[in-house]
Structures are given as structure tokens and as C-alpha cells.
Amino acid sequence: MSLAHEVMETLLRLGVENGVVSSAREREVLLRFSNDRMTVADAVEGTTVSVFVRERGRKAGITLGETDASKVEAAVESMVAEMRRHGGGGSVPLPQGPFRYAAAAEEPLVDVEEMASMAAAAVEAARSAGATRSAGSFKASVTSLSMCTTAGAEGEALLPEAELSLRSFSPDGSSGHGLAVAADPRRIDAAAAGREAGGLARMSMGASEVKGGKRDAVLAPMVFADLAAEAGDMASAFYVDMGMSFLKDKEGKDVASPLLQLSDDPTIPGCIGTRPFDDEGSPTRRNEIIADGVLQGYLHNSETAHAHGVASTANAGLVAPRPFNLTVGAGKGGWEDLAAEMDRGLVVTNAWYLRYQNHAAGEFSVIPRDAVFVVEKGEVVGAAKGLRVSDTLSSLLSNIEALGGDRRWVRWWEVDVPTLSPSAWVRDVSFTRSTM
Amino acid sequence: MEDLLRSAMEHALSLGAEYAEARHQSDVSERTVVKNGAPEVSSVESRSGFSLRVVKRGCMAFAAGNGLDAAGLRGLAAKAVRAADASGALKTELRMDGSPVCDAKDVLAPRVPFADVPLQERTSLLLESHRRAADSAAAAGCRLAGAFMSLGLLRTEKTIINSDGGRLLSSIPRASMNAFLTVFSPERGAVQRHISKGSASGWEGVESWALEESMAEEAATLAKVVNEASPLSAGRKDLVLGPEIIGLVAHESAGHPSEADRLLGREAAQAGETFLSERGAPRRVGRPMLNVVDDPTLPGSFGRYLYDDECVAARRRYLIRGGEFDELLHDRSSAAAMGTLSNGSSRSLRYDVEPIVRMANTFVEPGDHSLEELLEGVKDGIYMRSFMEWNIDDRRYNQRYVGLECHRIADGELAGLLRGPALEISTPALWSSIDAIGRDLEFSAALCGKGEPMQGIPVWTGGPPVRLRGVHMGGSA
């Protein structure tokens with residue numbers, strides 16, 4: 001009997017109305033490098049058990065880094081006893097199982113020596129492409145997940161992830177970022193990520209200060225993925241109900257250009273964010289969030305779904321529903337092709353540090369970093385620096401002029417949710433800059 | 001526990017490591033959440049485990065795991081050494097400095113242990129805080145349209161030994177509260193605010209915040225902003241920054257640029273580097289009265305610790321002294337690389353992440369002006385008390401702060417609220433624009449994000465009000 005099942009016995013014995021138990025064993029190798037040298041090599045393993053209980057209008061959870069079932073059971077008994085001293089009223093039932101799930105992913109081999117060789121290949125490729133130095137990280141992890149619920153759902157899943165993120169610098173400090181994301185570290189094209197980072201660093205040498213103002217811009221996949229992931233997060237009914245979403249009261253309404261298709265799809269085989277069930281045990285499925293620019297609905301767990309009078313979309317989060325694996329519909333061409341269609345504007349290849357003035361209004365700013373190119377008459381004529389995008393999500397998503405065909409998976413320090421995104425040509429992006 | 005750690009450390013040394021440190025860390029976090037005036041969830045998270053960090057032939061490696069016995073720990077040590085051996089073509093030459101290391105205990109006993117406060121009392125405190133905030137908003141003709149309040153009680157215990165003779169036992173409780181409020185008027189729209197409080201303390205820290213009154217005041221202020229704030233035209237103004245904002249400035253524009261690991265390029269692909277490493281970067285950025293410090297030893301502070309995770313004693317560090325960038329924040333490897341000694345800045349969030357260079361409590365040292373004296377000197381300006389949006393580039397050079405509670409200053413008097421003025425300015429220009437520093441020091445709590453994996457570490461940011469002359473303010477959004 002698995003640890004999760006042992007703990008479930010305790011919940012059933014206690015007569016808990018709604019309970020979820022999951023145990024996860026994670027193994028991760030993380031290599032960090034800087035100045036073309038290894039900074040640190042990490043090898044981490046750990047087991048956690050999480051128990052969530054919902055009854056009589058109250059919710060409680062525990063997460064323990066513990067493999068001793070008797071200790072977990074004692075903690076569960078204490079939690080349930082404490083919860084039952086308070087509260088009253090009803091609770092929304094968990095999705096009723098049993099369910100059938102998609103087959104588990106295959107377990108990839110995670111080998112530290114092999115990963116170090118791949119990281120070295122990325123660094124060398126960046127140098128060959130013109131970089132003088134590179135920094136980055138290469139991580140690969142496998143999580144073995146076991147889940148069961150008081151409503152009869154039970155499943156096993158293997159969640160493999162690999163991510164190589166590389167930033168390269170040229171002699172004048174200009175930089176470029178390369179990224180490769182996959183479920184299996186052996187499917188990472190390390191040399192391609194290095195070439196991309198080194199090439200962008202070299203291309204953006206000699207960047208000059210340019211004025212702020214409204215400009216057309218091609219937002220490369222790493223940038224547009226940041227915006228798409230924000231929209232995906234804000235589609236969570238939890239954040240809608242909290243007033244932390246620009247999508248509140250917009251179901252069935254235009255929220256973006258008709259060109260934009262945004263979905264959450266954790267069912268894509270062999271993908272980094274793929275998972276067979278959500279945190280309540282519901283089988284995951286593809287959910288359209290924005291279709292032809294129209295908001296199709298919010299992402300729900302059973303509780304937010306009940307409050308909104310709809311069915312769960314299988315996006316639990318036990319407290320807040322969330323997207324697992326976002327995809328943006330593709331257009332045609334790469335960022336270079338979109339820029340060629342643009343009379344004047346900028347190409348932004350990466351951005352970070354997105355912060356809101358007002359989540360409900362979607363007012364935010366984010367800082368372009370790494371290569372930013374100046375485009376005139378469809379040609380890249382130079383590089384720019386020192387700019388900030390200060391705009392609203394509604395405006396940027398509504399002003400999409402064209403989407404590229406250069407979709408790629410993005411996940412890195414700035415973008416938490418794996419997001420398959422193309423480049424996007426956006427009209428009238430508001431850029432600001434420091435004036436002192 | 002120490003015997004287990006010592007056995008693992010010695011095993012790593014026997015496998016060829018020149019340096020080894022072994023740590024056991026336990027973090028037990030209790031959280032109570034109220035959403036929109038109803039109990040949302042109460043949770044307990046307990047994470048504990050072991051880590052080994054080694055240096056072998058100049059390469060550093062880190063291994064961590066939980067649920068381990070003595071044999072498992074020796075396996076962990078072997079795994080760390082094997083990872084250090086794996087550097088291959090990326091081999092480096094890293095070493096630890098010669099800093100004195102401690103054999104010490106740092107146990108902060110709470111006056112009111114968290115266990116003495118039942119869940120119902122914690123929940124009731126948040127429910128009452130919500131009620132008071134909602135009443136405040138309603139009294140001003142607005143609605144508390146969204147409210148998230150979370151109370152966190154954390155106890156961190158560490159046992160650390162290293163092969164240079166360091167030994168540390170520490171136990172530190174931390175209390176924190178985070179809120180997100182949305183105040184709405186059908187006629188005038190909505191404003192939102194994040195609020196963070198934190199201290200190294202038991203429940204007495206929570207009591208000191210007077211949350212019910214504090215949330216009522218916050219909602220009342222937001223309602224005033226909704227009802228009364230008027231747009232601002234862009235232009236050059238004098239600006240008084242309140243403690244909340246100058247504290248963030250101290251953190252972002254003095255603290256982060258002064259992290260030695262950024263200067264050495266270690267964080268280049270994530271949090272970034274620092275403009276201080278660039279040729280021609282100015283060292284002098286402010287007038288001689290400007291001092292910005294980072295001090296882990298402040299009693300009760302959210303970022304408090306007396307010894308870091310490399311067993312080096314903590315002390316106050318002058319990041320900007322007399323208007324010039326001065327001391328960097330170091331761990332033992334960055335100090336060795338730069339030919340100096342660590343100043344005790346190495347911290348890790350959990351057992352399963354490596355210690356890295358971190359700030360603790362970063363603030364502008366007080367001057368001698370009252371707030372009234374700062375305002376008196378302004379003919380046409382802005383007093384920015386709080387903010388919502390901010391960011392800064394990865395060299396920590398270009399930053400933006402968008403005000404939330406902002407007052408117009410006319411002839412030295414507050415003269416009405418302004419909506420969302422934006423300060424977008426370089427780090428040298430910001431520090432050099434300060435012509436007067438207040439005397440009333442206040443702190444805010446925050447979690448500072450850095451590292452890979454991301455480590456959100458508790459810090460205080462602070463300062464007294466300061467006055468900036470002739471800065472360019474962007475108009476209201």
C-alpha cells in the first residue's frame with residue numbers, strides 16, 4: 001500500500017467528508033554556471049505528503065516532508081480534530097471518482113555528467129556565435145505522484161521536466177537569452193539554445209538609448225508568453241473573485257484581438273506541463289480560455305465551479321484553480337518575418353519583472369531585457385536599451401496585428417506556467433524610460 | 001543530530017572534498033487565510049531535511065534529501081562529491097575565504113508561543129480585520145470589493161557544521177501577515193494595495209501590528225484615494241518619499257547592486273548583475289549625509305539572524321557610506337574571489353536549497369528632519385506615501401515606482417490626493433537628488449526573491465522620509 005493510501009485509510013476512518021491525499025517523490029539535478037564555468041551542481045531528492053480536508057464550511061491542509069505513515073496520520077488526526085471544533089454549514093463535494101486517466105509518462109534518465117556535457121555544449125555554441133561569456137542553469141526533475149481522494153479517485157503520475165536557460169553577453173554588455181524546455185532532458189537542444197543566446201548578444205551590440213512613446217512592437221515568444229501566462233493565471237476563478245483579474249465580468253466578451261486563441265492543455269503527450277489529473281483527481285482536459293478574442297470562461301476547481309454555477313474545468317488547485325500548460329494559437333513566420341512587415345517599431349526578445357498597478361484594470365509594467373532591436377522599413381537597423389513597457393493587458397492583447405508561426409515552449413525565471421507561445425506583432429505598445 | 005551531520009561531513013572529506021558543510025533545517029509554517037470575509041483555509045507545512053555542500057578541486061556542489069538515516073546521509077555526501085566531480089569542461093576554481101567561524105547558539109524565544117494561540121483566535125482576528133476594513137470603505141461610500149488576508153507563523157531551526165570548525169544551532173520564530181485589498185466605487189473605479197507585515201517574534205509580533213485598526217485605516221485611505229485623487233501632469237517636481245518607498249529603494253537600488261555574487265556574474269541569467277561592475281560606474285551617488293545600511297542584527301526584525309549559514313557572525317554593513325557605494329554583501333566564496341572576508345550574508349530558505357548572498361534589513365539611516373520640516377521646504381511637489389507598481393532592471397539602474405497614496409504639496413502643505421504619479425529614474429539620479437533625510441525610521445516587511453530555485457527570504461526594508469529635489473514625475477496613468 002502506498003503512503004498516500006495509508007493516510008487515506010485514516011481519513012476514511014475519521015469519516016472526513018472530503019479529503020485528498022497526495023504523496024510526491026521528487027528528484028532534481030540542477031547545474032548553474034556563470035562566466036562559462038560551473039557555479040554549483042545540485043542534486044536534491046525529497047518526499048512530501050499533502051493532505052487536504054474540506055467539510056462543514058472549513059478547509060484545512062498539511063504538507064509534511066515525511067515518509068513515516070504513523071507521523072503523518074497523527075498530524076492528520078490533529079488537523080481534523082482542530083478543524084471540527086469550528087465551522088458549520090455545508091461543503092462542496094469533491095468530484096466523484098473513480099476516473100480513468102491517461103497513461104503515465106515514461107521516466108527519463110537524469111544524469112549529472114551528461115547534463116554537464118550538454119551545458120558545456122551550450123556555452124561553447126554561444127561562444128562560437130559571438131558571446132564572450134554565458135551564464136545559466138540546466139535543471140531536470142522527475143516527480144512521482146500518487147493521489148487518492150475520499151470520493152474514489154486514485155491515480156499515479158510521473159511528471160518529468162527539463163529546462164536549459166542561458167544568457168550570453170557580448171563585450172559591450174549587450175546580451176541575449178536562449179531557452180530550451182522539454183519533458184526529457186535528452187530532448188533539450190543545448191547547442192541551439194547557446195547559438196540563440198550568443199547570436200542575440202552579438203546582434204544587439206552597440207545598443208543606444210531611444211525615446212519612449214507609443215510604438216509598434218514584435219514581442220518574441222519569451223515576451224508574449226509572459227503576457228499569455230498572466231492572462232492564463234487571471235482566468236483562475238479564484239483571482240477573478242478576489243478582484244485580481246482584468247477578466248472579471250468578461251465571459252463571452254471580447255478581451256483580445258480575434259487573432260488570439262489561448263488554451264490550457266495539460267493533455268499534450270510528452271510535454272513539460274502534462275499531467276493526467278488535477279489536484280482534486282479530475283481527469284485533466286483541454287480548456288479554451290480565449291477563442292477568436294472572446295473569453296470563453298474561467299478555470300475552476302469544484303468549489304469555485306459550484307460558486308459560479310458551472311462544472312469544474314479540472315484545473316484544481318485545492319484553494320486556487322490554475323492553468324497547467326498554456327498554448328497560444330500560431331500564425332505564420334518568425335519574429336524576423338513579422339518585423340519585415342512592420343514599417344517602424346521595436347523587436348523585444350525578452351522581458352522580466354512584471355508588476356501591476358491595478359490587477360483589475362490590468363495596468364502593469366515590465367522591463368525588456370537582453371536584445372531589443374530597432375526596425376525601420378522592415379529592416380533591423382540597430383539595437384535599443386533602457387526601455388520599459390508600461391501598458392495594460394487588455395490593450396496589448398487587443399492590439400495584436402499578427403501572430404508568428406514560431407511557437408516554442410517557454411518556462412523560466414519569469415514565466416512559471418509552461419506556455420507554448422509564438423511571436424506577436426502588437427500595435428501602439430506604450431514604452432517609457434527613465435528621464436534622469 | 002550533530003553526530004549524524006559530522007559523520008556525513010567527514011565522509012565527504014574522505015571522498016576528497018576540501019571543504020564540506022552539513023546542515024539540518026526544519027521549517028514549520030502555519031497559515032490562516034480569510035478571503036472576502038470568510039475563512040478560506042488553514043494549513044500547516046512542515047519541511048525538514050539534510051543538506052551537504054562541498055568544494056572539491058575548486059568545484060562546488062550541493063545535495064539535499066529528507067527522511068535519511070546515517071547511511072542515507074553518507075550517500076548524500078557521496079552524491080554531493082560526485083556532482084562536484086561532474087563539472088567537466090566547465091571546471092572552475094572556487095574556494096572559501098578565511099573568515100572566522102562561530103561555535104554558537106542563536107535561539108530567539110518567543111514571548112507568546114504560536115501554539116498558545118488557537119486557530120479560532122487567529123481566524124477571528126482576520127475576520128474582524130476584514131469587517132473593520134469593509135466598514136471603513138463603506139463609511140466613505142465605497143465597497144471593499146476584494147480582500148485576501150493571510151497570517152503566517154513560521155519556526156525555523158537549523159543545525160550547521162562545517163569543516164573549518166563552524167558550528168551553529170539556531171531557532172528563530174517569524175510572524176507575518178499579508179493582505180491584498182481592493183476598494184471600489186461604481187463612479188470612480190477601483191484601487192488596490194498589497195500590505196505586508198513581518199517580524200522575528202512569537203505571537204506578540206502579531207499583537208503589535210494592531211491589525212484591526214491597521215486594516216481599517218488602510219481601507220479608509222484607499223477609499224480616499226478612490227474618491228478624491230486627481231490626475232497629475234508630467235513635469236519636474238520636488239518629491240518626498242515616505243518610509244515604505246525609500247525602504248524599497250534602499251533594498252532595490254543599494255542592496256541588490258551591492259550583492260557580490262551579482263557583481264561576480266553568478267546571478268546573471270536570473271536576477272541579473274549590477275551596474276557597479278561596469279567601467280565608469282559612479283561610486284559617489286549622494287550627498288555626504290546619505291548612509292544606506294544592511295543590518296541582520298536588528299532585534300525583532302523580519303530579516304534577523306546573528307550568524308549566517310556559513311557560521312560567520314552577522315554585523316551591520318554600510319552599503320552607501322557618506323554618499324558613496326562602499327561595502328558589498330559577501331558570502332565566503334565571493335569574499336575569497338574578491339580578496340576580502342565574508343560579512344555574514346549567506347542564507348538559505350529551506351534545507352533543500354543552497355545558501356546564497358542575501359540582504360537582511362536594508363534601510364536609509366535617519367537624519368534630523370521631521371516630516372513637517374521636509375514638507376516645509378517644498379513649494380510645488382508630491383509626497384508619495386505608498387506604492388503599488390514597481391520594478392527595476394537587472395543591472396539595478398533604471399527603476400519605476402508608481403504611487404498609491406500620493407499628496408500634492410503646495411507651499412509646504414498637503415493639498416489633496418493625486419492618482420498614480422510615476423517616478424522613473426536611474427539609481428545615481430535618485431540617490432543624488434536627495435537633499436534632506438527625516439529622523440523617523442520605519443520598516444516594512446517583504447520576501448526578497450533571488451536564486452535558482454527561487455528563494456523568497458524574509459527581509460525588512462526601511463528608512464525615514466526623504467526629500468528629493470527636481471525629479472521628473474510621469475503623469476497619471
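## A walk through a predicted two-chain model

A:Pro108 lies in the loop between helix H2 (69–84) and helix H3 of chain A. Not counting residues up to four places away in sequence, A:Pro108 touches A:Val142, A:Pro160, A:Ala183, A:Asp184, A:Pro185 and A:Arg186. Its C-alpha atom is separated by 28 Å from that of A:Pro98, ten residues apart along the chain.

### Two domains in chain A

Let us step back to chain A as a whole. Its domain assignment gives domain 1 (3–203) and domain 2 (208–433). Taken over C-alpha atoms, the centres of these two domains of chain A are separated by 23 Å. Where they meet, 31 residues of domain 1 of chain A are in contact with 29 residues of domain 2 of chain A. Strands S4 (133–149), S5 (154–169) and S6 (175–182) and helix H4 (190–203) of chain A are the elements that give two or more residues to the domain 1 side. Of these, S5(A) gives the most, with seven residues. The residues on that side of domain 1 divide into 19 nonpolar, nine polar and three charged.

### A sheet with a helix on it

Chain A also holds an open sheet of six strands, in the order S11-S10-S9-S12-S21-S20, with mixed pairing. Strand S11 (294–295) and strand S20 (408–410) of chain A are the edge strands, each pairing on one side only. S20(A) runs antiparallel to strand S21 (residues 419–421) of chain A, joined by three bridges. In S21(A), A:Ser421 is the bridge partner of A:Arg408. Helix H5 (residues 221–234) of chain A packs on this sheet, where it touches S9 (262–264), S10 (287–291), S12 (326–328), S20 and S21 of chain A. The direction of H5 makes about 130° with that of S21(A).

### Where the chains meet

In S2(B), B:Ser46 stands opposite A:Leu64.

| Strand pair | Sense | Bridges |
|---|---|---|
| S20(A) and S21(A) | antiparallel | three bridges |
| S16(B) and S17(B) | antiparallel | four bridges |

### Chain B: a helix and a hairpin

How far apart are the end C-alpha atoms of helix H2 (residues 70–85) of chain B? They are 23 Å apart, which agrees with the 22 Å that its 16 residues should span at 1.5 Å a residue. Buried residues in H2(B) include B:Leu73, B:Leu76, B:Val81 and B:Arg74. Their cover includes S2 and helix H3 (112–128) of chain A, together with helix H1 (2–14), S2 and strand S3 (59–65) of chain B.

Further along chain B, strand S16 (residues 387–392) is mostly covered, with five of its six residues buried. S16(B) forms a hairpin with S17(B), with five residues between them. B:Arg396 in the turn has a positive phi of about 60°. In S17(B), B:Gln399 is the bridge partner of B:Ile392.

How values were computed: Residues numbered from 1 in each chain as written. Chains lettered and ligands numbered in written order. Predicted model: local features only at pLDDT ≥ 70, side-chain atom pairs only at ≥ 80, totals over all residues. Pairing = 2+ DSSP bridges. Expected span 1.5 Å × (residues − 1). Buried ≥ 20, exposed ≤ 12 C-beta atoms within 10 Å, placed from the backbone. Contact = placed C-beta atoms within 7 Å. Domains from an automatic or database assignment. Nonpolar A, V, L, I, M, F, W, Y, C, P; charged D, E, K, R; others polar. Axes fitted to C-alpha atoms, helices over the stretch in contact; angles between N-to-C directions.
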